[in-house]
Amino acid sequence: MTRNRVLRALFNLILDLITVRRIVGLEHVPARGPYIVVANHLSVLDAPLVYGLLGGPDMRGWAAEKWERNLVFGTILRMGDSYFIQRGQVDRRAIDYAVDWLRGGHVFGMAPEGTRTKTGGLAQGKTGVAYIAHLSGAPILPFAHSGTDRVFQSLVRLRRHPIDVIIGRPFQL
């Protein structure tokens, strides 16, 4: 079993134990790339949620470089082939990496907000998704979810928290 399958199975097992996932729109996910998965960012559970549902050896994404040296999160992110970037500045190599990956017919995951939102709602998105979609010609697959920011509060009360996922139809800019 490849490390991508192991990671995906691990994420799904953990999420099945601590959450109740309600998913709409899996039929919209293309059979293969290229496409850009664009998800909101509420919690540390967001990447496992997306990867558990859509991930594999064909999917890559960015992660904040602050996690690279973290023993647990850094190891997990490397297993998922994350590309570590410095947030808050334009990282030309990271953009080129994403565009090249997509041009190779693969899948790239992004959170347009660039970081977790503190309000539970959507924060102001950045222009990177549109720029990368334009350069690569890849369609965008919208992936909206709610509930990941409240999972740990429910877990303390020994309850599985619901997570709602809506996957939209892919679209071109």
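Helices (H or I, at least four residues) and strands (E, at least two) are DSSP runs, numbered from the N terminus. Before going on: this is a predicted model, where local features need pLDDT of at least 70 and side-chain atom pairs count only at pLDDT 80 or more, while totals for chains, interfaces and linings use all residues. Residues are numbered from 1 along each chain as its sequence is written, and side-chain values use heavy atoms, leaving out hydrogens and water.

Stay on H2. Eight of its nine residues are buried, so H2 is largely enclosed by the rest of the structure.

Seven strands make an open sheet, ordered E1-E7-E6-E2-E5-E3-E4, with mixed pairing (two strands pair if DSSP finds at least two bridges between them). Strand E1 (19-24) and strand E4 (83-85) are at the edges with a single partner strand each, so one side of each has no neighbour in the sheet. From one strand to the next, the twist averages 25 degrees. Zoom in on E6 (residues 140-146) and E7 (residues 161-167), an antiparallel pair with four bridges; Ala-144 has Ile-166 in E7 as its bridge partner.

Then pick H5, which lies across E2, E3, strand E5 (107-110) and E6 and runs at about 170 degrees to E2. Axes are lines fitted to C-alpha atoms, for helices over the stretch in contact, and angles run from 0 to 180 degrees between N-to-C directions. To see the contact, select Arg-92, Ile-95, Ala-98, Val-99, Leu-102 and Arg-103 in H4, which meet Tyr-131, Ile-132, Leu-135 and Ser-136 in H5.

Last stop, the loops. In the loop between helix H3 (71-79) and E4 sits Asp-81, a non-glycine with a positive phi of about 60 degrees. Asp-81 counts as buried, at 13% relative accessibility. Leu-158, in the loop between helix H6 (151-156) and E7, also has a positive phi of about 60 degrees, but Leu-158 is exposed, with a relative accessible area of 78%.

How values were computed. Contact means heavy atoms within 4.5 Å. Buried means under 20% relative accessible area, exposed over 50%, partly exposed in between (1.4 Å probe, protein chains only).
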